[in-house]
Amino acid sequence: MPAVSKGDGMRGLAVFISDIRNCKSKEAEIKRINKELANIRSKFKGDKALDGYSKKKYVCKLLFIFLLGHDIDFGHMEAVNLLSSNKYTEKQIGYLFISVLVNSNSDLISLINNAIKNDLSSRNPTFMNLALHCIANVGSREMAEAFAAEVPRILVAGDTMDSVKQSAALCLLRLNRTSPDLVPMGEWTTRVVHLLNDQHLGVVTAATSLITTLAQKSPEDFKTSVSLAVARLSRIVSSASTDLQDYTYYFVAAPWLSVKLLRLLQCYPPPEDGAIRGRLTECLETILNKAQEPPKSKKVQHSNAKNAVLFEAISLIIHHDSEPTLLVRACNQLGQFLQHRETNLRYLALESMCTLASSEFSHEAVKTHIETVINALKSERDVSVRQRAVDLLYAMCDRSNAKQIVAEMLSYLETADYSIREEIVLKVAILAEKYAVDYTWYVDTILNLIRFAGDYVSDEVWYRVIQIVINRDEVQGYAAKTVFEALQAPACHENLVKVGGYILGEFGNLIAGDSRSSPLIQFDLLHSKFHLCSVPTRALLLSAYIKFINLFPEVKGTIQEVLRSDSQLRNADVELQQRAVEYLRLSCIASTDILATVLEEMPPFPERESSILAKLKRKKGPGNLHLDLDENRKERSVNGGTADHSSTTSNAKAPMPPQASAVPVLRSAGPLFQVFASPTTSTDLLGLGSTIATQNSAPPASKGASLLVDVFSGNTAAFPVETPVAVGPVADENFSRFVCKNNGVLYENQLLQIGLKSEFRQNLGRMYVFFGNKTSTQFMNFAASVVCQDALQAQLNVHAKPADPTVDGGAQLQQILNIECVSDFVDAPVLNIQFRYGGTLQNIAVKLPITLNKFFQPTEMTSLDFFQRWKQLGAPQQEVQNIFKARHSMDIEVTKAKIMGFGAALLDGVDPNPFNFVGAGVIHTKTTQVGCLLRLEPNTQAQMYRLTLRTSRGTVSQRLCDLLSEQF
């Protein structure tokens, strides 16, 4: 492009920019801008016609003002007029203004399109480039309709200049991403592919980007590009840095083109033609050889370019997975990077070796680096590198090194970052089970997990160890002895109490012969933890006590006294009270034979995929879990779900995991059978809420199985296939964090990051969802939709604007959701995301943080008005109160921020107690407005809160109370 001469400088623009920079305040800046806008407007409306230079200058000023964040509502026509100028600088400013300020719905699009057509047909390469850049920058569907046929023609025309071909290829790539249905490539395919043979490497680079994208959508149409790509790559790799001087970057020949060609070859399997395959193998060997050569420059740019080509070559070797020699060489090369001083290289080496570990050809080679990886886990400063080291240890684990790797991961767990502890716990639990030859080692490992990181041991982990113990007779006595000893510690994590209560309730008789673990000592030990536990754990312990009555008749009287105490029979929690009453009655009226039948030992669980493995897959994202190459035996699991009460026998359950909280004791115990009527999120351990899991769930246990087996098996009736549900498990880990804020990262795995930015006004809202591709590979067939289940469809309207079908590697895509609250609601919609990554269909479902309080509008009130309104809302159904333990530090400023973030106006000086917090607001829906008053009373000594909400509608009071209680 022609250079802008010194005489083209716009002094008026320079002075204006200088004035803006010299402004001392925001007000002074706005005043100066308004003055300039008035001057520009008068010039444009004046009788005197402006020359091209003046138009260019004023349009530049408008563009600068717009970039400062101010709205511009005039000047568009003058910018369009600049497009007809024959001067490059004027035309350039016109195109720049249009690319930045004109949207696809503008009335000027037809005029702009005409100007672009004139420039494309002018055969002036400078003007053609400007026009193509504008088409690519705007990228609207209207422009795609107008130029989708013209751009390919320019690209393949024999008389088109090289610089224009480059722009045409990239412009076509942009149009293909925004409107793929409007770009007819069929007739141009062969000629576009042959651009890989072009003499100009700039054209080849642009064409390679285009062909890679097209090949991912239509591999068959572009498979002829493989041979041309290999030939071109061979010429680049074998050339000296002096042969391609214009495209040599710090002594590396055409690194960007090399990377793009290697990425294009990853769209296809290894070439079937022996000659092409041999030539490609030779290229890859040459790249690996060059990596061993001494660097030709000490500059970081040289090593970056060289390593970029190397890592892309290794990715291609891993993708083909067919050349054992290359795979081993790649592994050895990556091993050298594990101790490199550059953090990024260590990270990339660990990440690539995770994939290599899954190849049968290179698995053993990866294992040779185990000591280096363990050392990285211990000494690495960067947490992301340590996380990759954990992933690699998990991937390289097999029977020969399982105990060493598990021991190292357990050791690291004590000092690991909180963000990755749960993932490490899941991996240790999976490895310990998968490679356990001696199940006593497995039990010890899981108990150590609970000791070191009890807060991060999910229900799936302790469900699983219980199921393993129940299914294997040889480990039951050892498990009972081990948990009994573990429970004697002064401070035990609640998960350990759950495991101990369950196992001792089932197999405590196996260690009762030892006077140090007599039945009474076992009971006293469990009951000493009772008052420290949550309600679900207490419910489990009550079930263990009734099991003890069957196992040890000598402690029957002691246990009956506990069940008969007021703290149990008159417990405020209905579940605990019901258990105590029915267990006490059962122990009093049932004979020994009936007790033995009702409280018999748990039967073995049915075979099923491990729920721990299922949870790890959900955390890591589909297609990112590196599975070991050892035997793929089926894993068993303790799984949550709804109980099939129609098939229950007269058996009572053993001590239960917490979410399955109620236990039918006898068939006649009517009300208890209703407790499991609806599934909870926490019991759906294998994603049984999804259609797929429902179809494949195992049947309930056969006759003789206790209720626990039914609770842990899938119930297809609970989730009919016809019901529209979210695809796969719904991620809601970060849902509660957004109750009091509108911006942040909602979901993240190895592939995708989802961020939110929301704004709400009265009953309307707008949510900007940002999808970030964390990989270097393009996401294909990308689609995101919002699902509102059941009654929510009538309560909430969510309109999602269509998203682009492709997301480039490292790029970000925005989708806008328009929201309308029709009436008050409880559930939240689900965002379903589907896309193809590396040929594999990925499904992700995330719970959208659209909650009732988002439509809260703050209302300022005086003390008199507040208490007058408080008394008016005094009906029992209008008030909801919750007393709860503080989950976080009771910081006053944090509490204030959360209440205001919740949407209410914080009213200072209203409550007589200065330490209390009161707020007021109105919930706006399409059908009605609901006034809301809240009062939060903290008790710092007891670390407790009392939250009271009064609204004119009881359902609103309950929902707001539930949402706000979770924040403290």
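Helix H7 passes helix H10 in a left-handed crossing, and that is a handy way into this predicted model.

**Helices H7 and H10**

- H7 covers residues 125-138 and H10 covers residues 162-178; their axes come within 9 Å and cross at roughly 15°.
- Because angles under 35 degrees count as roughly parallel, H7 is roughly parallel to H10.
- On the H7 side, the residues that meet H10 are Pro-125, Met-128, Asn-129, Leu-132, His-133, Ile-135, Ala-136, Asn-137 and Val-138.
- H10 answers with Ser-163, Val-164, Ser-167, Ala-168, Cys-171, Arg-174 and Leu-175.
- Sorted by class, the contact of H7 with H10 has 10 nonpolar, 5 polar and 1 charged residues.

**Helices H13 and H14**

- H13 (residues 225-238) packs with H14 (residues 255-265) at an angle of about 150°, and their axes are 10 Å apart.
- That angle makes H13 roughly antiparallel to H14, since the label applies to angles over 145 degrees.
- The crossing of H13 past H14 is left-handed.
- From H13, the contact draws on Ser-225, Val-226, Ala-229, Val-230, Arg-232, Leu-233 and Ile-236.
- From H14, it takes in Leu-257, Ser-258, Leu-261, Leu-262, Leu-264 and Leu-265.
- The class tally for H13 with H14 is 10 nonpolar, 2 polar and 1 charged residues.

- S4 runs antiparallel to S5 (residues 752-761), and 5 bridges join the two.
- If you want a spot to look at in that pairing, Val-745 stands opposite Gly-755 in S5.

- S7 (residues 780-787) pairs with S10 (residues 830-837) in the antiparallel sense, over 6 bridges.
- Within that pairing, Ala-784 has Ile-833 in S10 as its bridge partner.
- S10 also pairs in the antiparallel sense with S11 (residues 840-847), over 8 bridges.
- There, Phe-835 has Gln-842 in S11 as its bridge partner.
- S10 and S11 form a hairpin with 2 residues between the strands, and Gly-838 in that hairpin takes a positive phi near 60°.

**Aromatic pairs**

- Searching the whole structure turns up 23 aromatic pairs.
- One of them is Phe-771 with Phe-782, an edge-to-face pair at 5.1 Å centre to centre with 65° between the planes.
- This pair links distant parts of the chain: Phe-771 belongs to S6 (residues 764-773) and Phe-782 to S7, 11 residues apart.

Conventions: Residues are numbered from 1 along each chain as its sequence is written. This is a predicted model: local features need pLDDT of at least 70, side-chain atom pairs count only at pLDDT 80 or more; totals for chains, interfaces and linings use all residues. Side-chain values use heavy atoms; hydrogens and water are left out. Two strands pair if DSSP finds at least two bridges between them. Helices (H or I, at least four residues) and strands (E, at least two) are DSSP runs, numbered from the N terminus. Axes are lines fitted to C-alpha atoms, for helices over the stretch in contact, and angles run from 0 to 180 degrees between N-to-C directions. Angles under 35 degrees count as roughly parallel, over 145 as roughly antiparallel, 65 to 115 as roughly perpendicular and the rest as oblique. A crossing is left-handed if the near helix is turned anticlockwise from the far one by less than a right angle, and right-handed if clockwise. Contact means heavy atoms within 4.5 Å. Ala, Val, Leu, Ile, Met, Phe, Trp, Tyr, Cys and Pro count as nonpolar, Asp, Glu, Lys and Arg as charged, and the others, Gly among them, as polar. Rings of Phe, Tyr and Trp (its six-membered ring) pair if their centres lie within 6.5 Å; planes under 30 degrees apart count as stacked, over 60 as edge-to-face and the rest as tilted.
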